[in-house]
Amino acid sequence: MDGLFLYKIIILYMLDRIDEYTLTNTQLTSFILDRGYTNLFNIHESLSEMIDAGFISVSTIRDTQHYKITNLGEEALFYFENRLPDPIKQDILDYFKEERINLKNESEIYADYYPNENQEYTVDCIIKERKDTLLDLKFNVPTRGLAISICDNWRNKSTEIYSYLINELGSNPDPDSEHQQND
């Protein structure tokens, strides 16, 4: 079996098995390099060819590439998954089991920023649960440094901020208010 073909199947298999999340370039390359399957050059060549072929999609969030399998990639994997050796499949499944919480946190809680037309920066802080967006908070800040600081702090403080918003916005100061839901 051609080496690049094997690396592509490994990547597709990984992206397929983690379907509710994305995988970052670091997560993919770390897994493959740590197990000695190939070198960094072959990984990047495989990723590039699969992006060009439409088997995987890539999005960039704060200079980090996130990969997701496409429908075309799922179809290709369906035909070639049997060519992936069982020990490699088990390695992948064990890795996901061991790293589940880290993989989840990296793909479900993230922030990014971009310049806007007001010569300020828009910060976008997101919390996802599987494919559902729980919170997508966007706001403008005056400087790039502040935008970076907010993005850097988001992962550590997102749960606290989410809980605060739910508690504050969900509380009803007047229990006799007409706006109470009748459940």
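**Entry 1: β2 and β3**

I began with β2 and strand β3 (residues 64-69), which pair in the antiparallel sense over six bridges. Strands here are DSSP runs of E of at least two residues, helices are DSSP runs of H or I of at least four, and both are numbered from the N terminus. Two strands count as paired if DSSP finds at least two bridges between them. I looked up positions along this pairing: T60 stands opposite Q65 in β3, and I56 stands opposite I69 in β3.

This is a predicted model, so I note that local features need pLDDT of at least 70 and side-chain atom pairs count only at pLDDT 80 or more, while totals for chains, interfaces and linings use all residues. Residues are numbered from 1 along each chain as its sequence is written, and side-chain values use heavy atoms, with hydrogens and water left out.

**Entry 2: the rest of that sheet**

I then turned to β1, which pairs with β3 in the antiparallel sense over two bridges. T24 stands opposite H66 in β3. The three strands form an open sheet in the order β1-β3-β2, with antiparallel pairing. The edges are β1 (23-24) and β2 (56-61), each with a single partner strand, so one side of each has no neighbour in the sheet.

**Entry 3: the other sheet**

I found another open sheet of three strands, in the order β4-β5-β6, also with antiparallel pairing. Here β4 (109-115) and β6 (132-141) are at the edges with a single partner strand each, so one side of each is left without a neighbour in the sheet. Neighbouring strands of this sheet are turned by 15° against each other on average, direction ignored. Axes are lines fitted to C-alpha atoms, for helices over the stretch in contact, and angles run from 0 to 180 degrees between N-to-C directions.

β4 pairs with strand β5 (residues 121-129) in the antiparallel sense over seven bridges. I noted that the bridge partner of P115 is Y121 in β5.

In the loop between β4 and β5 I looked at Q119. Its phi is near 60°, a positive value in a residue other than glycine. Most residues other than glycine have a negative phi. Q119 is exposed, with a relative accessible area of 66%. The cut-offs are under 20% relative accessible area for buried, over 50% for exposed and partly exposed in between (1.4 Å probe, protein chains only).

**Entry 4: helix α1**

Helix α1 (residues 3-17) has 15 residues and reaches 21 Å from its first C-alpha to its last, close to the 21 Å expected at 1.5 Å a residue. The expected span is 1.5 Å times one less than the number of residues.

How many residues of α1 are buried? I get 11 of the 15, so the helix is largely enclosed by the rest of the structure. The buried ones are L4, L6, Y7, K8, I9, I10, I11, L12, Y13, M14 and L15.

α1 lies across β1, β2 and β3 and runs at about 85° to β3. I also checked α1 against helix α4 (residues 71-80): the axes come within 10 Å and cross at roughly 115°. The crossing of α1 and α4 is left-handed. Left-handed means that the near helix is turned anticlockwise from the far one by less than a right angle, and right-handed that it is turned clockwise. The contact (heavy atoms within 4.5 Å) is made by F5, I9, L12, Y13, D16 and R17 of α1 and G73, E74, A76, L77 and F80 of α4. These residues divide into seven nonpolar, one polar and three charged. In this count Ala, Val, Leu, Ile, Met, Phe, Trp, Tyr, Cys and Pro are nonpolar, Asp, Glu, Lys and Arg are charged, and the others, Gly among them, are polar.

**Entry 5: two buried residues**

I88 lies in helix α5 (residues 86-108). I88 is buried, with a relative accessible area of 9%. Leaving aside neighbours within four places in sequence, I88 is in contact with L6, I10 and Y37.

I looked up S158 in helix α6 (residues 144-170). Is S158 buried or exposed? S158 is buried, with a relative accessible area of 0%. Not counting residues up to four places away in sequence, S158 touches I109 and I127.

**Entry 6: totals**

The secondary structure comes to six helices and six strands. From the N terminus on, the elements run α-β-α-α-β-β-α-α-β-β-β-α. Buried residues make up 36% of the 183 residues in the protein. Of the contacts with a separation of 6 or more, 54% are between residues 24 or more positions apart.
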